[in-house]
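Subject: Structure handover

Hello,

Here is the structure I promised to pass on. Please have it open while you read the notes below.

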Amino acid sequence: MATGVALKSIRLNNLLSSSCVKALASQCRSFTSQLTEQQKEYQALSKEFADKYLKPNAAKHDLEGRFPFDVIKKLTATGLMGACVDEEYGGKGLDYLTLAVAVEELSRGCASTGMIASIHNFLYANLVNEKGTPEQKELFLRDYTKGSLGCFALSEPGAGTDVASIRTRAKKDGDHWILNGEKSWVTTAVEGSANIIFATFDPELKHKGIACFLVPMDVDGVFRGRKEAIMSVSACSRAVTSCALTLEDVRVPQSYLVGEPGEGFKIAMEQLDQGRIGIAAHAVGIAQAALDTAINYAKERQAFGKPLSRLPSVKDRLTDMCILVETARLATYRAATEVSTKNSAMAKYIAGRNAAAVADHCVQILGGKGLSTRYSAERHYRDARGTQIYGGVTDIQKRLVGHFLLKEHDAL
């Protein structure tokens, strides 16, 4: 009997050592939510920074619509405004997950500051660091780890989600390009020093006719529009600014072109995969802030002779909030660890929806105080709602997840 079992075990091992092992390996998941010691250090650094400099001033910046210049200067000193940039150009050379963890903690303290850090890093600095030439990095990256802000201009009045329909034109003129058009919702464009501009050199080619340019904000022909007034940090009427950009015969040298003509669409899509990770982390931070607000209030507020936290209905809400926050956090960590369109779209979809739900619970728990601008609940509610819009609306994120899901299973 023992010999028979041993033989069966040998045959099973032989099977597992060949094709079965390969099949099983293809199905295994390498993702883990365990942070490394370095990631924990930057998480702690960001948390301490948020508690010391952001939370005490978040409401004031929000109500006054004041851009947090002093805070960004302090944040730059930590190295987090060039988190993933190569050390050669003044960055820290960190991975996306470390940056995402930092953005979450910053957003927990102040959604506006977290948004600035997210856009500057994930959409501007990382693009120049990964796709720029040495000359471009010297001009458009080195100073951007030391305090200068970079912007990402893709959306237009008639083209947002439909990137292939952008109308900003790029015309070749010798060893220069001439840009004409209008961009919308350009975050931090009021304070920014340079922009990543996407333009088409041939609208008939659709996405194949798009090019990507680095454009200084002080070049002739670049005009900033008025600051947009919006309900939340989203794109952004509060402490983060946003405005339209008009380009009139803007002349830039060939050396400011990122990649080759026709590669702009691919560059934009790859960068948006990163950008969604940043927004997801941003949303998780807002959700965590809303949960913290609700718990602190429920512990102190007395009703029916006991704290609100002991009432079954409130306890259920807090439980739901905790589950929503943790689910969004895990999806975001996964997207930052294994970057893909499907993962980043899924993370943004989950984090945005969950943040809005958590913020809604927070307002409900605070009752009348949840509607008052004297308390943070209504700010979290506004900030959370924006995360379902900018960087790609939730409807599109859902479509992206479905597309790549079916593609993986050869079901398109």
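Two rings of Phe, Tyr or Trp count as a pair if their centres lie within 6.5 Å. In this predicted model, such ring pairs join Trp177, Phe201 and Phe213 into a cluster. The structure holds eight aromatic pairs.

One of these pairs is Phe140 with Tyr256: the ring centres are 5.0 Å apart and the planes stand at 90 degrees, so the pair is edge-to-face. The cut-off for that label is an angle over 60 degrees. Phe140 is buried, at 3% relative accessible area. Tyr256 also counts as buried, at 17% relative accessibility, because the limit is under 20%.

Next, the largest nonpolar core. It has 115 residues, and the members that touch the most others are Tyr124, Leu179, Ile196, Phe198 and Phe213. Helix H9 (residues 264-300) contributes the most to this core, with 16 residues.

What is Ile196 in contact with, leaving aside its neighbours within four places in sequence? The contacts include Leu123, Tyr124, Leu127 and Val128, then Cys151, Phe152 and Ala153, and also Cys212, Phe213 and Leu214.

Last, the annotation. An unreviewed UniProt entry places the feature "domain: Acyl-CoA dehydrogenase/oxidase N-terminal" at residues 36-147. In the model, that span is 68% helix and 0% strand, and its end C-alpha atoms lie 28 Å apart.

Regards

Methods:
Residues are numbered from 1 along each chain as its sequence is written. This is a predicted model: local features need pLDDT of at least 70, side-chain atom pairs count only at pLDDT 80 or more; totals for chains, interfaces and linings use all residues. Side-chain values use heavy atoms; hydrogens and water are left out. A nonpolar core is a set of buried Ala, Val, Leu, Ile, Met, Phe, Trp, Tyr and Cys residues joined through side-chain atoms within 4.5 Å. Buried means under 20% relative accessible area, exposed over 50%, partly exposed in between (1.4 Å probe, protein chains only). Helices (H or I, at least four residues) and strands (E, at least two) are DSSP runs, numbered from the N terminus. Contact means heavy atoms within 4.5 Å. UniProt positions are given in the numbering used here, feature names are shortened, and annotations may be inferred rather than shown by experiment. Rings of Phe, Tyr and Trp (its six-membered ring) pair if their centres lie within 6.5 Å; planes under 30 degrees apart count as stacked, over 60 as edge-to-face and the rest as tilted.
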